[in-house]
Amino acid sequence: MDTSVIKALCIDTGYRHGFRSTKRISECLSANLFTGEVVGLIGPNGCGKSTLLRSLCGLQPILKGALYVGEKEIAHMSPIQLARKISVVLTGRVHAGHLKAETLVSLGRYPHTKLSGGLSSRDREVVDRVFSAVGAEALQYRTVDELSDGELQKVMVARALAQEPRIMLLDEPTAFLDVTRKVELMELLRNISRTQGTAVVVSSHDLDLLMRISDRLWLMDEKGALHKGEPRDAEFARLIRSVFHIPAHYSSSIS
Amino acid sequence: MRRAVVVRFALLLLVTLFLFALDVFKGSVAIPLDRIFEILTVPLEGLQKSGELATAYSGERDIILLFRLPRAVTSLLAGMGLALSGLFMQTLFRNPLAGPSVLGINAGANLGVALVILIWGGAAGGFVAALPFGMKALVTAASVLGAGGVLVVILLVSRFIGSVTLLLLVGLMFGYLANSLVTLLIHFSAASRVQSYLQWTFGTFGATTWDDIHIMLPVVLAAVVLGMFLIKSLNALLLGEEYARSMGVAVMRIRMTVITAGALLAGVVTAFCGPVTFVGVAVPHIARGVFRTADHRIVVPATLLLGGAIALIADIVSHLPGQGGILPLNSVTALLGVPVVVWVLMRNRAGRSYI
């Protein structure tokens with residue numbers, strides 16, 4: 001049985017500027033994402049990881065190729081349909097200082113609530129559940145500008161969970177966190193994927209950590225090409241070292 | 001939590017009603033309270049039956065029913081309209097200084113009005129209400145068209161510009177362009193017409209008739225209803241357009257709806273009251289501050305009430321008895337609004353986000 005939730009067939013990613021000119025970041029990428037797996041996305045800065053993630057969730061239209069989410073092609077899905085399948089955690093801090101964490105997380109119910117935006121009792125249950133899932137019950141009534149980076153990141157993950165997606169895409173969620181919070185967050189993602197069958201793609205520069213929690217790795221090289229492998233594959237580890245130009249005697253960190 | 005919100009709304013409603021009453025009761029002519037109540041509650045027919053009362057009251061009756069009451073209603077509507085328009089813009093552009101006066105929407109309305117008054121000439125007074133009916137309709141249409149014209153250009157540009165900040169700057173530029181065209185018009189116009197136009201730019205809530213209110217009321221109400229439907233999306237937009245889109249907001253459509261509603265509000269209010277400054281920018285910040293939230297389910301009604309209340313205060317201050325005349329409304333709104341804007345900027349500089 002095909003359990004792929006995202007299927008990319010030779011897609012070109014990039015930007016459209018104005019009328020004609022386009023900036024192509026990657027050409028002819030193909031990839032599958034399966035239910036319940038964690039994929040670590042790694043690669044040097046500026047190679048196009050963010051662009052790939054943004055393309056996979058429809059924030060940035062693909063320039064060529066075919067991209068399926070479930071059985072449907074992404075171009076034919078409405079924002080609501082897409083939001084019920086995929087949720088994201090983007091880089092950069094959100095600026096909504098007066099917003100309470102609880103309100104922020106319940107925004108994740110957007111694709112499930114009616115026009116008025118009022119929460120049903122089930123919506124409230126989901127919000128409570130995701131707060132405890134990320135271990136942030138104590139933060140519910142704090143406002144965004146009272147949260148530390150780590151706390152806010154947890155809340156943003158809770159918001160993404162509240163969408164009840166089949167797929168979660170996270171762009172460098174550990175960037176500004178200390179080691180403890182990094183490990184906590186990565187473990188959390190792995191648990192979510194195991195217990196709820198959510199497919200997770202997470203990009204990060206914490207190679208070591210990513211190796212430990214990922215089922216598979218997508219390695220993007222400087223030319224924007226995507227290599228797929230497994231964390232414990234020695235051959236793939238060599239490829240990673242060469243893409244990042246890591247000398248052999250540093251190899252212990254990339255096992 | 002919920003209790004505190006309800007209490008604050010109740011207080012705010014009471015204050016607004018009180019200010020409305022004060023605006024009707026106070027004026028350059030002292031009219032006893034009981035007579036005002038009588039004028040407001042007893043229909044004209046009843047008075048006429050009781051003989052001489054009708055003639056004795058007729059002057060005061062006119063003052064209350066034809067001047068003070070429409071002025072208070074206009075203040076309320078204009079304040080609500082401008083404040084809601086400002087809230088729409090601030091959330092959409094995620095910018096604390098956004099408002100109808102930014103984005104060139106007011107300037108567009110201004111240009112429309114200037115074209116009509118300066119070229120065709122505002123015969124008497126210069127304020128919209130003092131004009132003959134044809135001119136009044138023309139000025140209103142020109143104001144809404146001016147606001148709408150700038151709006152259409154901005155919407156076209158927004159199809160090619162992803163960043164709302166850039167869009168805001170483009171709007172600012174259109175504002176400068178419209179203002180420079182107005183200056184050119186002034187340069188080539190007769191002095192009497194310039195006088196009329198300048199008087200309009202001072203702003204006032206006191207120049208509207210019931211006929212004008214019959215136009216303002218439905219537009220403001222329509223925009224308020226639209227605002228209620230936008231609450232869910234406006235909240236999602238607090239996290240930025242990308243998150244909003246990822247949660248299922250049809251961003252382009254919402255953007256257009258929000259700007260259209262904002263421009264309609266600003267255009268109509270500007271036509272009848274002149275380019276009133278600072279109400280649109282300052283009130284949403286006060287609303288967020290008073291209720292300590294950015295949640296639009298609370299901020300939208302709070303902004304409406306506070307907008308009405310602050311416009312009423314500005315109107316009352318500009319009519320304070322014993323100063324022989326009426327202060328220009330814009331100098332009053334600036335006095336009230338500038339401290340708020342400065343406070344927001346200082347807080348923002350301290351590294352906190354503003355919305």
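Ala101 of chain A is buried, because it has 25 C-beta neighbours inside 10 Å, and 20 or more is the cut-off for that label. Keep in mind that this is a predicted model. Ala101(A) sits in helix 3 of chain A, residues 101-106. Leaving out residues up to four places away in sequence, Ala101(A) touches Leu139(A), Gln140(A), Arg142(A), Val144(A), Leu147(A) and Val155(A). Take Val144(A): 43 residues separate it from Ala101(A) in sequence, yet the C-alpha to C-alpha distance is 6.1 Å.

Now the sheet in chain A. Six strands form an open sheet with mixed pairing, in the order 6-7-8-3-9-10. Strand 6, 86-89, and strand 10, 226-229, are the edges, each pairing on one side only. From one strand to the next the twist averages 15°. Strand 6 of chain A runs parallel to strand 7, residues 167-171, and four bridges join them. Within that pair, Val89(A) stands opposite Leu170(A).

Helix 5 of chain A, residues 149-162, packs on it and touches strands 6 and 7, with its direction at about 170° to that of strand 6. Helix 6 of chain A, residues 179-196, lies across strands 3 and 8, at about 160° to strand 8.

Last, chain B. How do the axes of helix 12, residues 279-291, and helix 13, residues 296-318, cross? They come within 8 Å and cross at roughly 125°, which makes helix 12 of chain B oblique to helix 13 of chain B. The crossing is right-handed. Contact residues include Val283(B) and Phe291(B) from helix 12, and Leu306(B) and Ile310(B) from helix 13. The contact residues divide into 13 nonpolar, two polar and one charged.

Terms used:
Residues numbered from 1 in each chain as written. Chains lettered and ligands numbered in written order. Predicted model: local features only at pLDDT ≥ 70, side-chain atom pairs only at ≥ 80, totals over all residues. Axes fitted to C-alpha atoms, helices over the stretch in contact; angles between N-to-C directions. Helix = DSSP H or I, 4+ residues; strand = E, 2+ residues; numbered from the N terminus. Parallel < 35°, antiparallel > 145°, perpendicular 65-115°, else oblique. Left-handed = near helix turned anticlockwise from the far one by under 90°. Contact = placed C-beta atoms within 7 Å. Nonpolar A, V, L, I, M, F, W, Y, C, P; charged D, E, K, R; others polar. Buried ≥ 20, exposed ≤ 12 C-beta atoms within 10 Å, placed from the backbone. Pairing = 2+ DSSP bridges.
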